[in-house]
Protein chains: 2
Amino acid sequence: MTETFVIAQGGGPTAVINQTLAGVVVEARKRYPGARILGALNGVRGIRDANFVDLSALSEQELRRHAATPSAALGSTRDKPDIAYCETILKRLRQTGATAFVYIGGNDTAATQQILTEAAGGDIAFVHAPKTIDNDLVKNDHTPGFISAAQFIASAFVSVDLDFRALPGIYVGIVMGRHAGFLTAAAAAWQQDSDGAPHLVYVPERALSAGRFVDDVRAVVSRYGRCIVAMSEGVTAEDGRSVVESIVPSDRLERDAHGNVRLSGGDLGMAIEHALREGLPGVRARVDTFGYLPRGNISTINETDAREAFEAGVFAVEAAERGGGSVALQYDGGITAPRLVPLANVAGKTRHLPDDFLSPEGNQISPQCRAYLERLMPRRFELAKPFV
Amino acid sequence: MTETFVIAQGGGPTAVINQTLAGVVVEARKRYPGARILGALNGVRGIRDANFVDLSALSEQELRRHAATPSAALGSTRDKPDIAYCETILKRLRQTGATAFVYIGGNDTAATQQILTEAAGGDIAFVHAPKTIDNDLVKNDHTPGFISAAQFIASAFVSVDLDFRALPGIYVGIVMGRHAGFLTAAAAAWQQDSDGAPHLVYVPERALSAGRFVDDVRAVVSRYGRCIVAMSEGVTAEDGRSVVESIVPSDRLERDAHGNVRLSGGDLGMAIEHALREGLPGVRARVDTFGYLPRGNISTINETDAREAFEAGVFAVEAAERGGGSVALQYDGGITAPRLVPLANVAGKTRHLPDDFLSPEGNQISPQCRAYLERLMPRRFELAKPFV
């Protein structure tokens with residue numbers, strides 16, 4: 001029987017998700033000469049609507065070019081299929097003659113693969129290949145896409161710190177991250193000196209009040225003459241809801257198919273500006289919402305990230321041969337390598353910053369977190385210390 | 001007599017302003033062995049307060065490291081000295097034994113040098129060395145600092161375009177630029193295809209109404225299924241004021257010492273989000289304000305920019321020998337080189353996007369503008385065309 005691989009990409013794009021796609025194609029062609037390899041357009045929607053592109057005969061050069069291009073070449077979707085939707089997908093996969101379906105995405109994608117595995121009778125191997133800039137997949141040391149986005153964040157904070165040494169004030173950079181603070185923590189990965197930015201780091205894992213925030217900033221300003229803050233868009237208020245949810249009028253709150261409130265607007269930034277204007281009047285304060293800039297930026301594609309994403313794709317083919325499951329990047333004995341774990345162990349679960357990755361005050365990363373980030377993305381440059 | 005150079009940096013930092021500083025130091029030491037070279041901290045404030053750092057004996061290695069570090073190593077200032085302030089500066093310069101004062105900055109910096117030249121009797125050479133990410137200095141083909149910031153913008157729009165091909169919607173990126181649209185125009189420098197982003201470009205040189213904006217976006221969405229917009233923070237309303245000025249309550253409008261309204265807040269972004277929500281209900285729309293991220297970002301330091309900034313510093317020393325003036329980067333016969341022009345020709349003047357750099361509709365750049373940008377920052381990569 002001819003092997004037929006179906007591949008799709010789900011959720012938010014990353015800088016290296018096409019490396020994983022390329023890894024699957026390269027390895028499937030190697031293991032199964034003559035295999036059919038179909039890309040489903042826009043995630044599971046492409047399967048539902050039988051909207052495929054044939055990747056079997058892509059030249060090496062085309063494949064390499066796709067791999068080096070950020071964002072999802074096959075398009076993506078935010079659809080979170082229920083059981084009925086999954087039955088349609090399964091029907092289409094069988095009509096297509098699929099022997100394996102590799103779905104590259106986050107924990108919702110793993111959940112879809114789990115439903116499909118349970119609905120099918122073992123005739124198709126369902127593989128989840130990891131992808132997320134949020135770094136929030138359990139069973140993974142880190143996830144493909146995270147390091148490149150983290151490099152954007154780390155570069156930005158080193159750069160803004162230099163800017164605010166020259167023209168002092170308060171700066172708040174708001175970083176993507178709904179439930180997990182890894183990406184925001186990465187702001188501190190390349191901190192220059194003991195007085196280097198970010199001086200404060202706020203993540204969703206710790207509740208924050210406006211009063212506490214202003215007090216923290218005031219203390220840093222009086223100490224260093226400036227204050228650079230990294231804040232997750234998903235930072236939580238003391239009632240456990242996201243701050244965004246508590247400040248945006250309910251008729252303006254957008255929700256996606258997963259019920260998630262949209263956090264990426266300017267509301268949080270405006271609320272922060274307001275709190276600083278009230279609490280520290282007369283002090284120059286600037287707030288930038290990084291938004292989509294870090295996610296798949298061609299300026300900060302990290303080589304390790306690209307290589308690991310490709311290897312995750314290669315390993316997904318072996319995972320299919322072994323009957324399916326979730327590919328997880330694990331770190332053991334000084335080496336990061338993909339391993340196969342049960343879908344149920346990853347599906348729908350969120351990994352948070354470990355408690356010991358934050359300072360006791362909860363407003364800065366700990367030495368453990370710094371060591372983790374330095375392992376993933378060692379700083380490769382040395383900057384001069386300004387005269388001011 | 002021992003030559004004594006005083007150097008200062010003014011206005012917003014850039015990625016390469018320290019290259020110019022290094023250029024001055026290297027060349028001054030070469031031409032005048034034994035010269036004293038003093039850096040004034042925080043621009044003219046450092047002269048007023050006799051706050052200097054001695055740069056004469058900096059090692060080559062330290063100098064190179066400073067040159068490669070973004071932002072103003074000497075600190076900066078937004079002070080715009082009047083005649084009384086300039087007299088104090090002049091007094092301090094004479095007390096210091098200064099024979100030349102090189103001030104690296106934009107058109108306000110040139111204006112300060114002009115006042116000082118007129119107040120002094122020719123005993124000190126006043127040189128303005130160009131710097132601005134806004135690219136808005138007259139007599140210059142382009143300015144040091146622009147290309148690096150422009151590269152950040154161009155990279156961001158190429159990247160976001162790929163993201164919004166995968167998950168369609170409307171994206172508006174708001175870019176620094178008070179009066180001149182060069183940096184916003186740079187969003188289109190690396191446009192990929194005929195349908196590539198940005199689909200719309202709005203600059204301060206053309207008035208924009210909310211209705212026109214929504215109509216433009218609607219037309220692009222219906223044509224391409226997505227719409228990516230580059231908008232200057234200084235975009236003007238039909239009454240000639242900046243849009244920010246027309247939407248922010250006057251008691252919240254911040255002004256700097258130059259009387260400029262602060263544009264960098266989230267207000268414009270929120271107004272845009274509101275206009276899109278009202279005008280195109282149900283369409284996913286995201287607005288990011290790039291803010292400080294492009295200005296001195298270590299991820300997008302452009303080599304040509306760095307070299308030209310250094311050369312501008314080297315030439316500033318020759319300019320001092322010739323009695324002072326403004327250093328201008330001019331393009332002639334296929335070569336960009338620094339030339340000396342009178343301070344009065346540059347001081348306080350703003351260069352705008354030429355009329356023929358915009359499409360007749362005023363919402364896109366023209367082929368002339370594209371050719372200009374491609375000359376400054378040729379695209380050095382080729383990306384794959386996504387399957388969607």
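**Close-up views of a predicted two-chain model**

**View 1. A:Pro144 in its loop.** A:Pro144 sits in the loop that links strand S5 (125-130) to helix H6 (146-166) of chain A. The model is predicted. A:Pro144 has 35 C-beta neighbours inside 10 Å, so it counts as buried; the cut-off for a buried residue is 20 or more. Leaving out residues up to four places away in sequence, A:Pro144 touches A:Thr14, A:Val16, A:Thr20, A:Pro130 and A:Lys131, among others. Its contacts also include A:Asp305, A:Glu308, A:Ala309, A:Ala312 and A:Leu329. A:Leu263 is 119 residues from A:Pro144 in sequence. In space, 23 Å lie between the two, C-alpha to C-alpha.

View 2. A:Asn135 lies in the loop between S5 and H6 of chain A. It is not a glycine, yet its phi is positive, near 60°. A:Asn135 counts as buried because 26 C-beta neighbours lie inside 10 Å. In chain B, the loop between strand S5 (125-130) and H6 holds B:Lys139. B:Lys139 is not a glycine either, and its phi is positive at about 70°. With 18 C-beta neighbours inside 10 Å, B:Lys139 counts as partly exposed.

View 3. In chain A, the bond between A:Ala197 and A:Pro198 is cis, with omega about -5°. A:Pro198 belongs to the loop between helix H7 (182-185) and strand S7 (200-202) of chain A. In chain B, a cis peptide bond runs from B:Ala197 to B:Pro198, and omega is near -5°. B:Pro198 is in the loop between helix H7 (182-185) and strand S7 (200-202) of chain B.

**View 4. Strands S1 and S2 of chain A.** Strand S1 (residues 4-9) and S2(A) run parallel, joined by four bridges. A:Phe5 has A:Ile37 as its bridge partner in S2(A). Strand S2 (residues 36-40) of chain A is mostly covered, with four of its five residues buried.

**View 5. The nonpolar core around A:Val102.** The largest nonpolar core holds 262 residues. Those touching the most other members are A:Val102, A:Ala185, B:Val102 and B:Ala185. Beyond its neighbours within four places in sequence, A:Val102 contacts A:Phe5, A:Ile7, A:Val24 and A:Val127, among others. A:Ala129, A:Ala316 and A:Ala320 are also among its contacts. In soluble globular proteins, nonpolar side chains tend to be buried together.

**View 6. The two domains of chain A.** Domain 1 of chain A covers 4-132 + 299-345, and domain 2 covers 149-295 + 354-376. On the touching side, domain 1 supplies two nonpolar, four polar and four charged residues. Ten residues of domain 1 of chain A contact eight residues of domain 2 of chain A. The domain centres, taken over C-alpha atoms, are 33 Å apart.

**View 7. Where chain B meets chain A.** In this contact, 54 residues of chain B meet 53 residues of chain A. On the chain B side, helix H3 (60-68), helix H6 (146-166), helix H10 (267-279) and strand S9 (285-289) each supply at least two residues. H6(B) gives the largest share, ten residues. The chain B side divides into 25 nonpolar, 19 polar and ten charged residues.

**View 8. The relation between the copies.**

Conventions: Residues are numbered from 1 along each chain as its sequence is written. Chains are lettered from A and ligands numbered from 1 in the order in which they are written. This is a predicted model: local features need pLDDT of at least 70, side-chain atom pairs count only at pLDDT 80 or more; totals for chains, interfaces and linings use all residues. Domain bounds come from an automatic or database domain assignment. Two residues are in contact if their C-beta atoms, placed from the backbone, lie within 7 Å. Ala, Val, Leu, Ile, Met, Phe, Trp, Tyr, Cys and Pro count as nonpolar, Asp, Glu, Lys and Arg as charged, and the others, Gly among them, as polar. A nonpolar core is a set of buried Ala, Val, Leu, Ile, Met, Phe, Trp, Tyr and Cys residues joined through C-beta atoms within 7 Å. A residue is buried if 20 or more other C-beta atoms lie within 10 Å of its own, exposed if 12 or fewer, and partly exposed in between; C-beta atoms are placed from the backbone. Two strands pair if DSSP finds at least two bridges between them.
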